[in-house]
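Dear colleague,

I am passing on the structure below, with the sequence alongside, and after it come my notes on what was found. Please read them with the model open.

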Amino acid sequence: MTEIAINIQNMTKRYGSFVALKNVSLSIKDNEFFTLLGPSGCGKTTLLRTIAGFENISEGAIKLYGEDIAELPPNKRPVNTVFQQYALFPHMDVTTNVMFGLLQLGQDRATASARVTEVLDLVQLTQFANRLPSQLSGGQQQRVALARALAPKPKVLLLDEPLSALDLKLRQAVRQELQQIQQETGITFVFVTHDQEEALTMSDRIAVIADGVVQQVGSARDIYEAPLNKFVADFIGETNLIDVVVTDVSQGNATCILPGGEKFTCPAAAGAVAGSGHLSVRPERVTLTKPGKGLLQGITTRQVYLGTDMHVDVRLDDGEIITVRVQNSEGMIIPETGAIAGLEFETGAARLLVD
Amino acid sequence: MAGLVSKSTSNTSTYAGLGPLLMLPSWVLIGFFLVLPVGMMLIYSFLTKEFRGGVIWEFSLAAYDQFFFDRGLFGDDPPVIEWTYIKIFWRSTWQAAVATFFCLLIGFPTAWFIATRTGPNKSIWLFLITIPYWVNLLIRTISMKFLIRDTGPLNEWLLSLGVISEPIHIINTNFAVQLGLFYSYLPFMVLPIYASVERYNFSFSEAAADLYASRWTTLTKVILPFVKPGIIAGCILVFVPSLGAFLAPDLLGGAKNFMIGSLIEEQFKGNAGNWPFGAAISMILLSIVLVVLTYYARQQGKEEAR
């Protein structure tokens with residue numbers, strides 16, 4: 001059984017009457033790359049800051065490898081943070097910045113020095129050891145921040161949107177590097193981001209957070225393929241949400257009536273109930289068929305050419321727009337704008353969500 | 001038209017001729033307000049004194065000689081070191097240093113407090129700090145004198161509270177002078193430190209705590225080095241005018257607690273004065289300040305070059 005690195009139980013954080021985090025419960029496993037994903041203002045950074053100790057929690061418990069740390073000040077917690085704007089000490093050179101935590105832990109200079117060389121090597125900054133932060137590029141500063149946080153060998157490394165200040169190309173390179181460092185060091189990473197692509201490509205598991213509530217926890221695949229609710233389905237990737245009337249939910253399957261009147265059976269998210277609901281179908285898993293065939297009928301309203309594929313919007317009778325993603329290939333058949341088109345879902349592609 | 005265009009393609013050639021003209025205001029300012037008055041004092045310090053004030057245009061080292069050496073009542077004894085003025089210098093330096101220290105002690109937390117306020121509160125606090133400057137320094141110093149004298153409100157208040165049984169004697173002591181200097185120059189400490197703290201990013205403190213630093217270490221290793229330029233600017237702005245101040249020592253210190261400022265003032269006042277001597281004291285004071293500042297600037301330069 002894998003050890004639990006961080007265990008958060010029924011944690012609530014209030015600022016006056018504003019509730020930033022509502023009854024959050026999370027288990028982050030040892031040696032895991034765990035991502036807190038959500039739109040800005042959802043509470044993901046607050047959650048990270050409660051783990052670091054910068055914010056006190058109002059209710060609940062936080063345990064780090066079984067030990068209750070809720071009352072410990074940040075300098076007593078064996079976790080380190082990579083800050084969003086890096087927060088490198090401007091008057092200290094790279095070496096001094098990285099050594100800071102080691103000396104505070106009471107290591108002697110020789111030991112600390114050896115460790116600094118080691119981590120600077122890990123982030124490939126050895127030749128910049130004597131530079132001041134202001135003499136480094138954004139990407140280099142980011143790596144110093146990483147080295148500084150890794151140097152004391154924390155039990156958990158917290159990363160607060162560390163890539164958001166980098167340009168796109170660099171961000172993609174650093175993503176790989178971060179993953180690699182996580183695997184090499186074996187340290188548990190808790191990574192905060194609002195960028196779903198970042199979350200999907202890097203994480204072992206993701207917690208999707210909105211309005212201070214954890215919406216869903218799972219692997220990238222779980223969250224993309226089997227979203228629990230409308231928010232998750234909509235926030236991660238693109239999706240079509242179709243209004244349906246659910247007649248029956250049993251054993252993980254739902255029977256519902258589609259807008260055209262067609263009866264349809266599909267998997268249902270845990271907790272979905274009968275009544276009016278929403279189906280989620282990813283655009284790439286909808287196929288165009290001949291008029292009159294398929295589950296839904298509509299009028300083609302728009303085609304967008306994207307190179308690798310093409311987006312076709314089809315308007316249903318009730319005004320809903322379904323987007324279909326057609327891969328660019330020799331035999332691709334695209335209906336003209338204004339033409340009637342039929343729509344079919346791939347098996348298992350449509351899911352009933354919790355509303 | 002074509003000529004105009006080709007002329008303006010090179011910016012340097014267009015403005016090169018204007019350079020000296022644009023410098024003119026600065027040169028006028030520096031010349032009129034710095035070089036002329038200081039130069040005049042420098043020259044006066046090497047002239048012979050006129051008995052009813054003023055100078056005789058005749059070269060003499062008498063002023064400097066008077067400062068450093070005692071040649072007896074008639075000026076023909078073998079010279080011995082004259083300690084009177086050196087002592088006054090030393091006392092002034094000490095008084096200014098104490099005032100600077102207390103300004104820093106109170107000014108830093110005050111500046112920190114203001115810089116960490118949010119929204120309009122910040123402007124209100126800053127405004128309050130500058131309010132005393134609406135009143136003339138002389139008047140403020142005199143009010144301070146009334147406040148702290150033996151029968152003043154401070155003593156009466158303490159007496160009525162029963163904290164003391166007889167008035168504390170504050171007026172005409174060293175402490176009164178320090179208090180006066182502290183009161184006069186405190187805002188000069190607060191404002192530059194405020195400007196430094198304002199730029200401080202509080203995530204540095206969080207980063208320090210995250211890296212296992214105590215609050216004290218965070219203060220000494222992270223915060224103070226960051227706001228050091230503000231602290232040094234504040235110390236200079238308080239120390240230098242305190243050193244030459246004459247209102248506070250005159251009004252609050254009485255005759256026994258003479259400082260350089262009063263000594264200089266006396267040389268230029270009325271008929272008893274000695275202009276060359278006053279000018280010489282000013283020059284010596286200026287040299288000391290310059291030496292200290294140059295030393296500091298060198299150190300600073302070395303640190304930055306490191």
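**Domains and dimensions**

Chain A is divided into domain 1 (4–225) and domain 2 (238–352), with bounds that come from an automatic or database domain assignment. The centres of domain 1 of chain A and domain 2 of chain A, taken over C-alpha atoms, are separated by 40 Å. Before going further, please note that this is a predicted model, in which local features need pLDDT of at least 70 and side-chain atom pairs count only at pLDDT 80 or more, whereas totals for chains, interfaces and linings use all residues. Residues are numbered from 1 along each chain as its sequence is written, while chains are lettered from A and ligands numbered from 1 in the order in which they are written.

For chain B, the domain assignment gives domain 1 (2–80) and domain 2 (83–273), and the C-alpha centres of domain 1 of chain B and domain 2 of chain B lie 32 Å apart. Taken along the principal axes, the C-alpha atoms of chain A fill a box of roughly 80 × 45 × 40 Å, and those of chain B fill one of roughly 75 × 75 × 40 Å. The radius of gyration of chain B is 25 Å, whereas a compact globule of 306 residues would have one near 19 Å; this radius is taken over C-alpha atoms, and the globule rule is 2.2 Å times the number of residues to the power 0.38.

**Secondary structure and burial**

Chain A has eight helices and 20 strands, and chain B has 14 helices and four strands, where helices (H or I, at least four residues) and strands (E, at least two) are DSSP runs numbered from the N terminus. Of the 355 residues of chain A, 41% count as buried, and of the 306 residues of chain B, 28% do. A residue is buried if 20 or more other C-beta atoms lie within 10 Å of its own, exposed if 12 or fewer, and partly exposed in between, with C-beta atoms placed from the backbone.

Two residues are in contact if their C-beta atoms, placed from the backbone, lie within 7 Å. Residues 24 or more positions apart account for 65% of the contacts in chain A with a separation of 6 or more; in chain B, 64% of the contacts between residues at least 6 apart in sequence join residues at least 24 apart.

**The largest nonpolar core**

A nonpolar core is a set of buried Ala, Val, Leu, Ile, Met, Phe, Trp, Tyr and Cys residues joined through C-beta atoms within 7 Å. The largest has 149 residues, of which A:A147 and A:V190 touch the most other members, and helix α9 (residues 174–199) of chain B gives the most to this core, with 14 residues. Not counting residues up to four places away in sequence, A:A147 touches A:V98, A:V119, A:L120, A:L122, A:V123 and A:L125.

**Where the chains meet**

The contact takes 17 residues from chain A and 15 residues from chain B. On the side of chain B that touches chain A, the elements giving two or more residues are α10 (203–210) and α11 (215–243) of chain B, and the largest share, six residues, comes from α10(B). By class, this side of chain B has nine nonpolar, four polar and two charged residues, where Ala, Val, Leu, Ile, Met, Phe, Trp, Tyr, Cys and Pro count as nonpolar, Asp, Glu, Lys and Arg as charged, and the others, Gly among them, as polar.

The buried residues of α10(B) are B:S205, B:A207, B:A208, B:A209 and B:D210, and what covers them includes α1 (44–52) and β6 (79–82) of chain A together with α11 of chain B. B:Y212, whose phi is positive, near 75°, follows α10(B).

**Two loop residues in chain A**

A:Q124, found in the loop between α3 (109–122) and α4 (138–150) of chain A, has a positive phi near 55° although it is a residue other than glycine, and A:Q124 counts as exposed because it has 12 C-beta neighbours inside 10 Å. A:Q251, in the loop between β11 (240–250) and β12 (253–257) of chain A, is likewise not a glycine and has a positive phi of about 50°; with 6 C-beta neighbours inside 10 Å, A:Q251 counts as exposed.

**Confidence**

The predictor gives the complex an ipTM of 0.85 and a pTM of 0.81. The mean pLDDT of chain B is 88, and 94% of its residues reach 70 or more, pLDDT being the predictor's confidence in each residue, from 0 to 100. Among the elements of chain B, α10(B) has the highest mean pLDDT (96) and helix α1 (residues 2–8) of chain B the lowest (44). Over residues 1–10 of chain B the pLDDT is below 50, and this stretch has two contacts in the model beyond near neighbours in sequence.

With best regards
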